[in-house]
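Biologist: I'd like to learn how to read charges and strands in a model like this one. Could you show me the structure and walk me through it?

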Amino acid sequence: EVNNVISILISSDFLQMEALVEECVGFVKNRLAEVVKLPIDMNCLNSKLLGKIGTLITAEELDSIRDRKDKLVSKLFTKKLEALLEDENSTLYRCVYCRKLFTNQQRDWMVCHKAKIFIDFHGSVIAQHVADRSWEPKRFIYFLRLRNMTWKEIYWKIWARLQTLYCTVCEEYFVASELGHCSYHPMGPKFTYGSNTGVFPCCNSPAVRFDTNIRKQGCCARNHVIKPNSQETQVLDLIMKKYSVIAEPFVPPNQMLDKTGSSQQTDKTVSGEKPKSESLQIMLNKFMAEEGEDDVNSEDDEYDSPGSEKGVVSESESESDESDDDDGKKKKIVSTMASTTASVTGNNSTSGPTQSRQKKKRSKSKKKKADATPMNPLKQRQWRLDRIRNQDRDEMMSLVKKLNKMRKEGKLEKKSERKTDKSTKKK
């Protein structure tokens, strides 16, 4: 019965009755819509059992189940996401230049418009993504969850980034989340007589007759056209069902993105529908912006000096911080004094030579203000680490000298003891 299946599943797993566990898991998979409605706490199911249920049920079936209290569906989507990212071919990387996500297989056909261009032996132009070594997908997924994004939305967004399809119109591969990114120019280019360069009148972007560069994007976009294949049509049906969740808005090349990754125009898809949540690329740009701020404001925990405890390092860091703060206060005081003197002399100026003196004083005050401007925190961090390293090196050198002195003194004492022993033996 449905009322007893969870208790039987837990007890059979505890007693290691694998046949009964598999039978219960299959029953839960078939009757999951009824199991979810039971007044039972599903936290008693361990991760092993959830993983078995997640492998049997498909994402479409799990998406159709309504779990009002969110007892089991979100947990199963987490297991589906873990299984999706365990494969080596589906591991996501981030490009250093354009900040786009890609896999190893997608890197072969993807084009990075901000990467360095190379020409191979066949004469074809190559501009591939370069993976960021500091990229951690788990931290990004955790960031998405903190932004009140459900596990269901996270799963479908990442699933869409992993699906690769081929368009028959532009004759290029594309990602499922970029179904409406088949870019084109509605008006043809116009060239002046005898010149290689021209302009697209629709968006005033430059055009070239004989261009050796990579294929450039158009100012407008439409949906890609896919060949009628059994597998690709199934994927396309899933994409169209979840398009409001997975779709990423098309941004023309002449429209810049701000620091948060959102475009100046409204984030609408090609079909005109507004997405239910922010796209994965916009969330990635926000994540990278926050990660940059955290790296600047983080403590200097990367370096621990050999032969010294963490407490010693923290004291030296605090001393360096205090010295930097004192220097900053002094510079601020100097800048304020210079500005007050400049204002006083500016009010009392009457003659020509006094004006020249005032100009000199103002230039000096400007220099002092420029000196008083705050330095780059990354440079300050490097300087602090260099100070700590120099202090540790000096301490190690002093310790080595002391040890050498102790050894020499010990050798001399041993020699004197040997001499006294020999003299006593002779007597």
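Modeller: Gladly! Let's begin with E136, which is partly exposed at 41% relative accessibility. Buried means under 20% relative accessible area, exposed over 50%, and partly exposed in between (1.4 Å probe, protein chains only). This is a predicted model, where local features need pLDDT of at least 70 and side-chain atom pairs count only at pLDDT 80 or more, while totals for chains, interfaces and linings use all residues. Residues are numbered from 1 along each chain as its sequence is written, and side-chain values use heavy atoms, with hydrogens and water left out.

Biologist: Which residue forms a salt bridge with E136?

Modeller: A salt bridge is a side-chain nitrogen of Lys or Arg within 4 Å of a carboxyl oxygen of Asp or Glu. Here E136 forms one with R139, and the closest N and O atoms are 4.0 Å apart. R139 is partly exposed, at 41% relative accessibility.

Biologist: How many salt bridges does the structure hold?

Modeller: There are 10 salt bridges. One of them joins E82 and K79, with the closest N and O atoms 3.7 Å apart. The two are 3 residues apart in helix α6 (residues 73-86), so about one helical turn separates them. Helices (H or I, at least four residues) and strands (E, at least two) are DSSP runs, numbered from the N terminus. E82 is partly exposed at 44%, whereas K79 is buried at 19%.

Biologist: Where do R161 and E178 sit, given that they link distant parts of the chain?

Modeller: Their side chains meet in a salt bridge of 3.5 Å, N to O. R161 is in helix α9 (residues 151-162) and E178 in the loop between β6 (173-175) and β7 (182-184), 17 residues apart. R161 is buried, with a relative accessible area of 2%, and E178 is buried at 16%. Elsewhere, salt bridges that share partners join D63, K152 and K242 into one network.

Biologist: Now the strands, please. In what order do the 3 strands of the open sheet come?

Modeller: Two strands pair if DSSP finds at least two bridges between them. In this open sheet the order is β8-β9-β10, with antiparallel pairing. The edge strands, β8 (190-191) and β10 (205-208), each pair on one side only. Between β8 and strand β9 (residues 197-200) there are 2 bridges. As for F191, its bridge partner in β9 is G198.
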